[in-house]
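Q: I am new to this structure and would like to learn how to read it. Could you walk me through it, one feature at a time?

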Amino acid sequence: LGLAPVVVEDLIGRLAQIRRELGITIVIVEQSAAVALDIADYGYVLESGEMVHEGKAPDLLRDPRVMSSYLGKSD
């Protein structure tokens, strides 16, 4: 919370690079679903501590419920 967008972009880019280079799993907890799902293979969407959606990141990015509730988009 409160990180400058440039810092977030740099950090996410570095994490993605580490994951590619080392082939390791990284768990990211991020308030911005768009940021997290952009680099994720698989995602879990929590609301008030409850898992409300899960699936492959590309599927979640296209899910109308996720789009309208967490990405600010609609069909």
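A: Gladly! Let's begin with the lining of the largest pocket: its largest share, five residues, comes from β1. The model is a predicted one, where local features need pLDDT of at least 70 and side-chain atom pairs count only at pLDDT 80 or more, while totals for chains, interfaces and linings use all residues. Residues are numbered from 1 along each chain as its sequence is written, and side-chain values use heavy atoms, with hydrogens and water left out.

Q: What is a pocket, and how much space lies in the largest pocket?

A: On a 1 Å grid over the protein atoms alone, a pocket is an open set of points where a 1.4 Å probe fits, with protein on both sides within 12 Å along at least five of seven lines; lining residues have an atom within 4 Å of a point. Points are joined across faces, edges and corners, and the volume is the space filled by probe spheres set on them. Here the largest pocket holds about 710 Å³. It has 23 lining residues, and the closest to its centre are I28, A36, Y42, G43 and Y44.

Q: Which elements each supply at least two residues of that lining?

A: Helices (H or I, at least four residues) and strands (E, at least two) are DSSP runs, numbered from the N terminus. For this lining, α1 (5-22), α2 (33-39) and β1 (42-47) each supply at least two residues.

Q: What pattern does the protein follow along the sequence?

A: The order is α-α-β-β-α-α, made up of four helices and two strands.

Q: Is H53 buried or exposed?

A: Buried means under 20% relative accessible area, exposed over 50%, and partly exposed in between (1.4 Å probe, protein chains only). H53 counts as buried because its relative accessible area is 12%. This residue lies in strand β2 (residues 50-56).

Q: Which residues is H53 in contact with, leaving aside its neighbours within four places in sequence?

A: Contact means heavy atoms within 4.5 Å. By that rule, H53 touches G43, Y44, V45, L60, R65, V66 and Y70.

Q: And where is the place of Q31?

A: Q31 sits in the loop between α1 and α2. Q31 counts as exposed because its relative accessibility is 66%. The C-alpha atoms of Q31 and G55 are separated by 17 Å, and the two residues are 24 apart along the chain.

Q: How much of the protein counts as buried?

A: Of its 75 residues, 23% do.
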